[in-house]
Amino acid sequence: ADKVADDMEAWLDNNTDKLTMDGLFGIIDPPRQDVKDAIAQTQAAGIQVKMITGDHPRTASVIARDIGIENHENTMTGKELDAIHEDKDFIDKIRDVAVFARVSPENKLQIVRAFQDEGDVVAMTGDGVNDAPALNGADIGVAMGIRGTEVAKEASDMILTDDAFGTIVDAVREGRIIFENIKKYISFLFACNMVEIVAILTTIVFMLPMPIQPLHILFLNL
């Protein structure tokens, strides 16, 4: 890829005076309307959102700005990652980077591994063959169900049937609700059983009448 870019640059240097500008146009793949709100909810929930793309850094940074990713101006390219990925402070250099551009499949996996080594739980989204290593290496690999390749789907842990980032936010919200409910239930069960055990042990030690019958324990559990 570097050789092709160098050859193209050399060709342009030698031939631009022979070319005539007829027109200029731009192409953009706009983000979905619901992404900005989903990103805001994700960041408000304490989850860091990072963009990893093959696009040009400036293009990626503008898109990151438009969808509300914090620190969107802080970008890093795949070449820069290759130059520092063996450094001991690699994670410190990439932690505040919001946009990784012009990256290779190896770069994606390096980023995932670096955050995992710090104890972070990493979720990776992707749809292409190049995303498969990172999808497989992440704690939670999320593939796109509509435009995702079969390789990406096989490498992932979860498939979005609607390809909507907001669905991930909904899943995180429901998961946290379930987790909180489990903690509340365990706290209640532990407290209730401890009271029953203490009461029964106390009556045994002091040879008092049994204060709790099996039917009482059943109703307490219900």
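Which residues does Asn 107 touch, not counting residues up to four places away in sequence? The close-ups below start there. This is a predicted model, in which local features need pLDDT of at least 70, side-chain atom pairs count only at pLDDT 80 or more, and totals for chains, interfaces and linings use all residues. Residues are numbered from 1 along each chain as its sequence is written, and side-chain values use heavy atoms, with hydrogens and water left out.

**View 1. Asn 107 in helix 6.** Asn 107 touches Gly 78, Leu 81 and Asp 82, setting aside residues up to four places away in sequence; contact means heavy atoms within 4.5 Å. Helix 6 spans residues 105-117. Helices (H or I, at least four residues) and strands (E, at least two) are DSSP runs, numbered from the N terminus. Asn 107 counts as buried because its relative accessibility is 2%. Buried means under 20% relative accessible area, exposed over 50%, partly exposed in between (1.4 Å probe, protein chains only). The Asn 107 side chain also reaches the backbone nitrogen of Ser 104, at 3.0 Å.

**View 2. Ser 61 and His 72.** Ser 61 sits in helix 3 (residues 57-66). It is buried, at 13% relative accessible area. His 72 is 11 residues away in sequence, yet the C-alpha to C-alpha separation is 5.6 Å. A polar atom of the Ser 61 side chain lies 3.0 Å from the backbone oxygen of His 72. Beyond its neighbours within four places in sequence, Ser 61 is in contact with His 72, Glu 73, Thr 75 and Val 99.

View 3. Two strands pair if DSSP finds at least two bridges between them. Three bridges join strand 5 (residues 140-144) to strand 6. Val 142 has Met 158 of strand 6 as its bridge partner.

**View 4. The largest nonpolar core.** This core has 22 residues, and Met 76, Leu 81, Ile 94 and Phe 100 have the most contacts inside it. A nonpolar core is a set of buried Ala, Val, Leu, Ile, Met, Phe, Trp, Tyr and Cys residues joined through side-chain atoms within 4.5 Å. Helix 6 supplies the largest share, four residues. Leaving out residues up to four places away in sequence, Ile 94 touches Lys 50, Met 76, Leu 81, Ile 84, Phe 100, Ile 111, Ala 114 and Phe 115. A second, separate core of 12 residues includes Ile 39, Val 49, Met 51 and Ala 60.

Conventions
Polar contact = N/O pair within 3.5 Å; in protein donor to acceptor, adjacent residues only side chain to side chain.
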